Amino acid sequence: EGNEGPVPADWPGDWRDKFAAAVGKPGDEKLLKRLGRFQSPEAVWKSFLSMEQKVSAGDLKAPLKANATDAEVTAWRKENGIPEKPEGYGEKLKLSDGLVVGENDQPLVDDFYGVAHTLNLPPEAVNGVLNWYLETAEAQVDAQHQEDVVAKTESDDALRAEWGGEYKPNVNAIAGLLDQAPAGLKARILGARLADGRQLGSDAEALRFLLWAAKEINPTA
């Protein structure tokens, strides 16, 4: 496209009006405004050639019609590289190095494939969203791990200072109490998260209570 400016001497000053009349729209303000973006008919021709090249190269494709039939939707998806079925996105999935779709993530990813297919998202967009999601989830896990390490250290330091030489026996008493729970429950209790996000096993107040319970149940522990 050319820029607005003086019309070259070898073109009539009213060439835009002649164009509008030639296509059956004399005096059409919208058309004349669009033509006003071009300095001369030569600029219009260059713009047409550029668009023609883009169409030939497949860079410009028609959007899906609002009331397209199932057959038209299928054909349009094929032309635009969109899989025939939602699970087809998985066959074209490309993740960054180190990223994988875990067992817990798979149901959510499958649901996303369905939404993406309904919206006719291209595979490139689906790949971009899933890479972002997995990278974000991984960063959150790493951040949570670091917070857990800090909380555990703070709790241990506080109880060591408070219990002194009784620290190890008290820890063993708590462990002995929880060992009486059904298989797997001990880990679930210590790993449970409180309202502030801290794990119960890293909360000094919770451990003090468990020590009290252990001594109430077994005073000789």
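So, D156 counts as buried, at 16% relative accessibility; buried is under 20% relative accessible area, exposed over 50%, partly exposed in between, with a 1.4 Å probe and protein chains only. Its partner is K152, and the two side chains meet in a salt bridge, 3.6 Å from N to O. By salt bridge I mean a side-chain nitrogen of Lys or Arg within 4 Å of a carboxyl oxygen of Asp or Glu. K152 is partly exposed, at 36%.

Quick housekeeping: this is a predicted model, where local features need pLDDT of at least 70 and side-chain atom pairs count only at 80 or more, while totals for chains, interfaces and linings use all residues. Residues are numbered from 1 along each chain as its sequence is written, and side-chain values use heavy atoms, leaving out hydrogens and water.

Okay, back to our pair. K152 and D156 both sit in helix α7, four residues apart, about one turn of the helix. Helices here are DSSP runs of H or I, at least four residues, and strands are runs of E, at least two, numbered from the N terminus.

How many salt bridges does the structure hold? Seven. Another one joins D148 and R193, at 2.8 Å from N to O. That pair links distant parts of the chain, with D148 in α7 and R193 in the loop between α9 and α10, 45 residues apart. D148 is buried, at 16%, whereas R193 is partly exposed, at 39%.

Then there's R208 with E162, whose closest N and O atoms are 2.9 Å apart. R208 lies in α10 and E162 in α7, so this bridge ties together parts 46 residues apart in sequence.
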